[in-house]
Amino acid sequence: MGVAQRSGVLLLSCPDLTLALVLGERALFVNGDLQTARRWFDSAYRLAELCGDPSSLARAALGLGGIWVHEHRTCAESEMVRARQRHALSLIDPRSSTALRLRVRLRGEEDYRAGGHAAIMELLTETRGSGDGPALAEALSLAHHCLLGPGHAAMRLELACELIGQAAVTERRGDLLMGLLWRTVDLYLAADPHAERGLAELRGLLAGHDHLAVGYVVEAIEVMLTIRAGRFAEAEKRAGECFERGVAAGDMDATGWYGGQLGAIRWFQGRAAELLPVLSELVSSPTLSPIDNSYLAGLALAAAVAGDRRAAAGHLARLRVEEMPGSSTWLVSMYCVVETAHLLQDQDTAARAYALLRPFADLPVVASLGVACFGSVHHSLGMAALTTRDLSTAVEHLRAAVRGNFALGHWPAAALSRWRLGQALALRDGTRDQAAGREQATAAREAGELGMVLPPPVVGRSSAGQDGCRFRRHGRHWQVELGGRLALVDHSVGMGHLAALVANPGREILAADLAAGSWTRDPEGGSAQPVLDDQARDTYRQRLGQLEAEIDELESMNDLERAAGLRLEREWLVAELAAATGIGGRARPFTGSEERARIAVGKAIRRALARISAVDPAIGEELRATVQTGLRCCYRPR
């Protein structure tokens with residue numbers, strides 16, 4: 001270690017200091033290895049203090065900031081780095097490039113913590129006039145990071161493109177990668193149909209030489225796209241791998257991003273309640289951004305889904321919707337707020353959320369830098385309107401959400417929006433509305449293909465009980481409707497018993513009468529539905545005659561395959577008539593005691609409820625709670 005004299009200040013020559021700075025800057029700007037860079041810069045800062053080298057001290061303090069805003073998440077770490085940067089700035093020439101870069105970093109950090117951008121944008125203007133390429137590149141990136149709210153899309157894209165151009169001046173590969181990354185993120189945040197092109201360009205550059213930090217974001221976007229495609233098992237596996245890469249890169253968002261990706265997967269799977277323990281712990285993590293409210297909002301939603309209304313309402317109240325800063329997670333936070341308000345039937349919160357979200361109707365709900373996507377903002381607007389019972393507005397937004405989600409290629413979000421659209425149509429136009437039935441049937445089919453469990457409808461107190469359960473017979477199937485939900489279930493004796501009970505809500509029917517099919521219509525005008533009435537029996541007999549003729553004709557033509565299919569239908573019709581009629585075509589009486597009738601009817605109804613639950617657990621649960629069996633059976637809707 002040599003000694004040198006400069007301007008009356010004793011300096012120690014530290015070869016190790018120079019090496020630490022070089023290795024730190026290479027790790028940060030070339031390799032994107034944030035963890036390694038921090039270690040080298042911390043070592044360089046300590047060596048610079050020992051050597052009395054203010055210039056190297058400033059370079060080390062600057063490098064400790066990293067490439068993102070707020071890389072140091074704990075209060076102790078953050079304040080230590082900020083103190084080092086301020087101290088270093090006070091020691092060097094204020095007109096130097098390093099001083100300008102330190103001021104840019106400090107302004108960016110202050111704006112980000114406050115949820116603003118005015119100071120960094122003002123300094124960006126000054127930096128443009130300085131002719132300092134590296135300072136301008138860093139100012140552009142930091143300013144972009146402070147403008148991630150949904151209202152700054154155009155400004156962000158301009159900054160990203162300027163940064164790409166500035167990379168040619170600095171000749172730093174990291175600047176080019178950051179510019180391309182910001183541009184790609186901007187395109188996804190704006191639902192640009194060409195966002196994939198930006199992602200492909202980034203992949204190509206990373207294939208030649210990896211950059212851990214940028215590659216981590218690219219991998220996170222790919223997880224988001226896998227969730228959009230509805231490949232949940234693959235997405236969950238990739239999310240775990242992405243988390244490991246984030247940890248290796250030293251990215252402090254690794255835990256939070258993994259939680260967001262898992263949250264999106266569980267939400268669309270219908271398993272949000274499972275996230276309660278994880279979210280309860282994560283919401284207090286010091287690794288979260290100070291302006292990130294998405295995990296508290298997610299905790300409120302998970303609690304509401306789990307049925308803990310008090311906890312959900314408490315978390316929702318803590319959010320203070322109008323005061324949430326416009327961060328990169330603002331739209332996700334609002335998505336959770338609206339869904340929670342719907343589950344709680346909190347019309348006031350839903351109305352306030354609608355007003356805040358309305359300007360961003362055509363944007364997608366994307367978390368952070370493309371970490372997870374919950375579909376079109378139109379869905380949240382539709383759900384807010386549904387909660388406030390503005391049903392026509394809800395239908396309009398949910399229709400737009402279906403279209404928007406298809407444009408995004410977000411199949412789970414499209415199925416969910418279509419499902420909610422069917423519910424909105426059923427509430428507006430009645431559960432017998434054909435359009436409502438079509439939307440819900442299509443949504444149920446799409447959800448089944450994706451492995452989703454669609455949420456049950458939430459009926460507000462003002463409309464509770466207006467639309468009870470309905471059973472409709474369609475040949476060999478029953479269509480069960482409840483609160484906007486539809487389930488198609490195979491016919492059975494128990495389904496016929498349930499249909500009779502549901503058609504006469506509140507009326508007690510003897511189990512023996514149900515078994516014999518001899519119960520009568522409610523004298524006060526109830527809409528009783530016999531399992532097989534006279535008209536149905538006549539229709540079945542006519543069809544049997546047609547089937548006999550068709551089977552004979554097909555067999556004469558040697559079309560044995562089609563004939564076999566018709567014989568199956570004939571056998572089913574014969575069995576139905578035999579079960580429902582006795583000698584002379586009269587209703588078959590139930591042989592034995594009332595106790596035997598009670599046992600047989602109870603078993604048949606329980607089997608039918610199990611079939612319904614297998615198709616739609618929500619309808620099955622509601623019927624189990626409202627159907628009473630015994631010597632007398634009754635459906636008592638809540």
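What covers the buried residues of H8? In this predicted model, the cover of those residues includes helix H6 (118–128), helix H7 (133–145) and helix H9 (173–189). The buried residues themselves are Arg156, Leu159, Ala160, Leu163, Gln166, Ala167 and Thr170. An α-helix has 3.6 residues a turn, so residues three or four places apart point the same way.

The chain as a whole contains 28 helices and 10 strands, and of its 638 residues 52% are buried. Among the contacts with a separation of 6 or more, 62% are accounted for by residues 24 or more positions apart.

Helix H8 comprises residues 153–170, and because 18 residues at 1.5 Å a residue should span 26 Å, the distance of 26 Å between its end C-alpha atoms agrees with expectation. The helix is followed by glutamate 171, which has a positive phi, near 55°.

Two packed helices are described by the angle between their axes and the distance between the axes. For H8 and H9 the packing angle is about 165° and the axes lie 8 Å apart; since an angle over 145 degrees counts as roughly antiparallel, the two helices are roughly antiparallel to each other. Their crossing is left-handed. On the H8 side the contact is made by Arg156, Leu157, Ala160, Cys161, Leu163, Ile164, Ala167 and Thr170, and on the H9 side by Asp175, Leu176, Met178, Gly179, Leu180, Trp182, Arg183, Asp186, Leu187 and Leu189. By class, the residues of this contact divide into 12 nonpolar, two polar and four charged. Several residues of H8 that take part in the contact with H9, including Arg156, Ala160, Leu163, Ala167 and Thr170, are also listed among the buried residues of H8.

In terms of residue class, the contact of H20 with H21 has 14 nonpolar, three polar and four charged residues.

Two individual positions, one nonpolar and one charged, were also examined. Valine 218 is found in helix H11 (residues 212–228) and, with a relative accessible area of 4%, is buried. When its neighbours within four places in sequence are left aside, valine 218 is in contact with Leu199, Leu202, Arg203 and Leu206.

Arginine 82, in turn, has its place in helix H4 (residues 75–91). Because buried means under 20% relative accessible area, arginine 82 counts as buried at 18% relative accessibility. Not counting residues up to four places away in sequence, arginine 82 touches Leu106, Glu110 and Arg113.

Conventions
Residues numbered from 1 in each chain as written. Predicted model: local features only at pLDDT ≥ 70, side-chain atom pairs only at ≥ 80, totals over all residues. Heavy atoms only, no water. Helix = DSSP H or I, 4+ residues; strand = E, 2+ residues; numbered from the N terminus. Expected span 1.5 Å × (residues − 1). Buried < 20%, exposed > 50% of the residue type's maximum accessible area, 1.4 Å probe, protein only. Contact = heavy atoms within 4.5 Å. Axes fitted to C-alpha atoms, helices over the stretch in contact; angles between N-to-C directions. Parallel < 35°, antiparallel > 145°, perpendicular 65-115°, else oblique. Left-handed = near helix turned anticlockwise from the far one by under 90°.
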